[in-house]
Amino acid sequence: MVQYQCHGDTLLYNYLMFFILFSTPSLANTVYTWEDSKGSRHFSDYPPTETLPVTHLSLSPTETIEIPSVNPLQPKEITQKKSIPNSTENKHTSLAISINNLEQEDTIRSSRGHITVLTTLTRKLHSNEKLQLLLDGSPYGLPQTSTEWTLKNVNRGTHLITVVALKDGKRIASSLIITIYLHRPSVN
């Protein structure tokens with residue numbers, strides 16, 4: 001007669017632990033942020049042990065967003081952007097730059113230190129105009145006509161990002177300066 005040994009208690013324990021770990025929402029509703037004496041920004045569920053100025057960030061529960069259903073049998077409506085006239089009106093339109101994929105004080109988590117920056121312009125660049133990304137006030141790469149950048153191997157911490165337009169080497173327009181926080185894992 002073959003007898004099977006059942007590890008029911010261990011199996012039940014594993015299922016219970018899995019359920020507890022993955023079905024409960026995050027219990028931390030408050031995040032503390034502070035800057036230490038070395039200038040490093042910290043984020044934690046607990047306040048610092050030292051007496052430093054602390055900012056409390058309250059986290060609200062996640063919101064559910066309903067996505068409207070799309071009927072595949074009906075053609076999707078396409079909204080066309082207003083085309084930029086190529087007359088003399090375009091030559092006199094002032095250039096404005098906006099960074100559209102980063103928000104002020106965004107936190108970016110990247111183990112490789114990669115940051116993507118996407119911009120939009122109010123008009124096309126002229127042949128003698130280029131865009132230059134500035135990271136912490138210094139040029140990143142060479143001036144270019146593309147409105148996209150992929151920053152690589154950026155150190156963790158607080159960074160300032162802005163994009164400027166140059167005409168014959170002179171600044172003619174600038175985006176707002178965006179402050180971002182880059183988090184990279186570190187080994188202590």
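At 54% relative accessibility, asparagine 153 counts as exposed (exposed means over 50% relative accessible area, buried under 20%, partly exposed in between, with a 1.4 Å probe and protein chains only). The model is predicted: local features need pLDDT of at least 70, side-chain atom pairs count only at pLDDT 80 or more, and totals for chains, interfaces and linings use all residues. Residues are numbered from 1 along each chain as its sequence is written, and side-chain values use heavy atoms, with hydrogens and water left out.

Asparagine 153 has a positive phi, near 55°, and is a residue other than glycine. Most residues other than glycine have a negative phi. Asparagine 153 sits in the loop that joins strand 9 (148-151) to strand 10 (157-167). Strands (E, at least two residues) are DSSP runs, numbered from the N terminus. Aspartate 136 is not a glycine, yet its phi is positive, at about 55°. This aspartate lies in the loop between strand 7 (129-135) and strand 8 (138-144). Aspartate 136 counts as partly exposed because its relative accessibility is 39%.

One salt bridge is found in the structure. The term denotes a side-chain nitrogen of Lys or Arg within 4 Å of a carboxyl oxygen of Asp or Glu. The partners are arginine 123 and glutamate 129, whose closest N and O atoms are 3.1 Å apart. Both arginine 123 and glutamate 129 are buried.

An open sheet is formed by three strands in the order 4-6-9, with antiparallel pairing. Two strands pair if DSSP finds at least two bridges between them. Strand 4 (97-99) and strand 9 are the edge strands, each pairing on one side only. On average, neighbouring strands of this sheet are turned by 25° against each other, direction ignored. Axes are lines fitted to C-alpha atoms, and angles run from 0 to 180 degrees between N-to-C directions. Three bridges link strand 4 and strand 6 in the antiparallel sense. Isoleucine 97 stands opposite leucine 121 in strand 6.

Threonine 119 also belongs to strand 6, which spans residues 115-121. Its relative accessible area is 6%, so threonine 119 is buried. Contacts (heavy atoms within 4.5 Å) were computed leaving aside neighbours within four places in sequence. Threonine 119 is then in contact with Ile97, Ser98, Ile99, Asn100, Thr147, Trp149 and Val163.

Methods. Helices (H or I, at least four residues) and strands (E, at least two) are DSSP runs, numbered from the N terminus.
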